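The sequence and the structure are shown first, and the description follows.

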Amino acid sequence: MVQNLAMGDQRVPRRTGSGTTPGPLIRPGTLSDVAGIRSLESRYFVGNLTAEQQQSGFVSVIQPEGWFERVAANGGLHVAIDGQLGVVGFIVVAPPLHAQRPSVSPIADRMVELADTLEYAGQPVSSYRYALRGPVCIDERFRGLGLYGRFNAATKLAYSSTYEIAMLFVSARNRRSLRTTTTKLKATPLATFEVGDNTYHFLVYPLGAPPIR
Ligand SMILES: CC(C)(COP(=O)(O)OP(=O)(O)OC[C@H]1O[C@@H](n2cnc3c(N)ncnc32)[C@H](O)[C@@H]1OP(=O)(O)O)[C@@H](O)C(=O)NCCC(=O)NCCS
């Protein structure tokens with residue numbers, strides 16, 4: 001049964017072999033979630049996966065010390081919590097400056113630069129109230145169960161009055177993530193850019209209620 005939960009908390013049933021049990025709870029992330037987030041981040045970091053494992057998606061950046069704590073303190077973190085396993089997914093939607101400082105991500109730096117020149121719906125991306133979305137990561141045991149869509153719905157609910165749009169990057173080699181962002185999140189690819197030997201897509205999607213302008 002779906003429980004009645006406080007605003008910001010969402011739980012939906014998940015089918016199992018023996019019937020229907022509640023799926024992971026989605027709620028805003030707190031400092032106490034960071035250890036579980038770090039564990040997922042490390043497990044699915046591109047450098048820790050074989051080429052075959054990377055077919056199911058990967059995280060491109062290990063965030064600097066204190067980064068998730070700062071994002072959580074600024075309200076930019078959501079987590080999915082399983083009753084037994086703890087944190088089984090997380091997503092960040094935060095202003096680029098909160099998300100970046102101190103920046104160790106040349107990818108995020110390049111995104112912020114490009115936001116001044118790339119246009120979305122006829123206006124530079126940086127002219128909107130915009131967030132930087134990502135990383136998003138789901139434990140492989142919980143993929144394909146609708147959690148990605150629930151993260152999208154929860155973050156839309158949480159941030160639609162704060163931001164007009166969100167920008168995100170996806171590695172050109174991360175086919176799974178490219179599929180979800182374009183077909184499920186319905187983000188629009190605006191450009192590709194290179195950092196080191198890797199190519200990334202720059203995408204934008206509407207986060208606030210339309211019309212944006
Ligand atoms: C990206 C991620 C959050 C998506 O969540 P998910 O639960 O796997 O998403 P879904 O299962 O709803 O959708 C995945 C889609 O990609 C498709 N897919 C799976 N592997 C694919 C591949 N190698 N190439 C293309 N499409 C692929 C699936 O068929 C599915 O599409 P469909 O539902 O239309 O059939 C999750 O896979 C994940 O955490 N991956 C590791 C980390 C990551 O890549 N994060 C994103 C970059 S920060």
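## Helices and their buried sides

The buried residues of helix H4 (residues 106-115) are Ala-108, Met-111 and Ala-115, where buried means that 20 or more other C-beta atoms lie within 10 Å of a residue's own, exposed means 12 or fewer, partly exposed lies in between, and C-beta atoms are placed from the backbone. Viewed down the axis of H4, these buried residues fall within an arc of 55°, so they line one face of the helix; the arc is that of the directions from the helix axis to the C-beta atoms. Pro-106 and Glu-113 are exposed on the face of H4 that is turned away from the buried side. An α-helix has 3.6 residues a turn, so residues three or four places apart point the same way.

The model is predicted: local features need pLDDT of at least 70, side-chain atom pairs count only at pLDDT 80 or more, and totals for chains, interfaces and linings use all residues. Residues are numbered from 1 along each chain as its sequence is written.

In helix H1 (residues 34-43), Val-34, Gly-36, Ile-37 and Leu-40 are the buried residues. They cover an arc of only 160° around the axis, which puts them on the same side of H1. Ala-35 and Ser-42 are exposed on the other side of H1. The cover over the buried residues of H1 includes helix H2 (67-73), strand E4 (77-82), strand E5 (86-94) and E8; contact between two residues requires C-beta atoms, placed from the backbone, within 7 Å.

## The protein and its sheet

The protein has 6 helices and 11 strands. Helices (H or I, at least four residues) and strands (E, at least two) are DSSP runs, numbered from the N terminus. Of the 213 residues in the protein, 38% are buried. Among contacts between residues at least 6 apart in sequence, 64% join residues at least 24 apart.

Seven-strand order is the next topic. An open sheet of 7 strands runs E3-E4-E5-E8-E9-E11-E10, with mixed pairing; two strands pair if DSSP finds at least two bridges between them. Strand E3 (25-28) and E10 stand at the edges, each with a single partner strand, so one side of each is left without a neighbour in the sheet. On average, neighbouring strands of this sheet are turned by 25° against each other, direction ignored. Axes are lines fitted to C-alpha atoms, for helices over the stretch in contact, and angles run from 0 to 180 degrees between N-to-C directions.

H4 lies across E8, strand E9 (165-171), E10 and E11, running at about 130° to E10. H6 also packs on the sheet, where it touches E9, E10 and E11; the direction of H6 makes about 155° with that of E9.

Strand E10 (residues 188-195) pairs with strand E11 (residues 198-206) in the antiparallel sense over 7 bridges. Phe-193 stands opposite Tyr-200 in E11, and Val-195 has Asn-198 as its bridge partner there. The hairpin of E10 and E11 has 2 residues between the strands, and Gly-196 in this hairpin takes a positive phi near 60°.

Leu-203 lies in strand E11. Leu-203 is buried, with 23 other C-beta atoms within 10 Å. Leaving aside residues up to four places away in sequence, Leu-203 touches residues including Met-167, Leu-168, Val-170 and Leu-190.

## Backbone features

Most residues other than glycine have a negative phi, and most peptide bonds are trans.

| Residue | Phi | Place |

Ala-121 counts as partly exposed, with 15 C-beta neighbours inside 10 Å, and Lys-186 counts as exposed, with 11. The peptide bond from Gly-134 to Pro-135 is cis, with omega near 5°, and Pro-135 is found in strand E8.

## Around the ligand

The ligand has 21 residues around it, of which Gly-57, Arg-143, Gly-144, Tyr-148 and Arg-175 come nearest; a residue is near a molecule if its C-beta atom, placed from the backbone, lies within 6 Å of it. Strand E8 (130-138), helix H5 (147-159) and helix H6 (175-184) each supply at least two residues of this shell.
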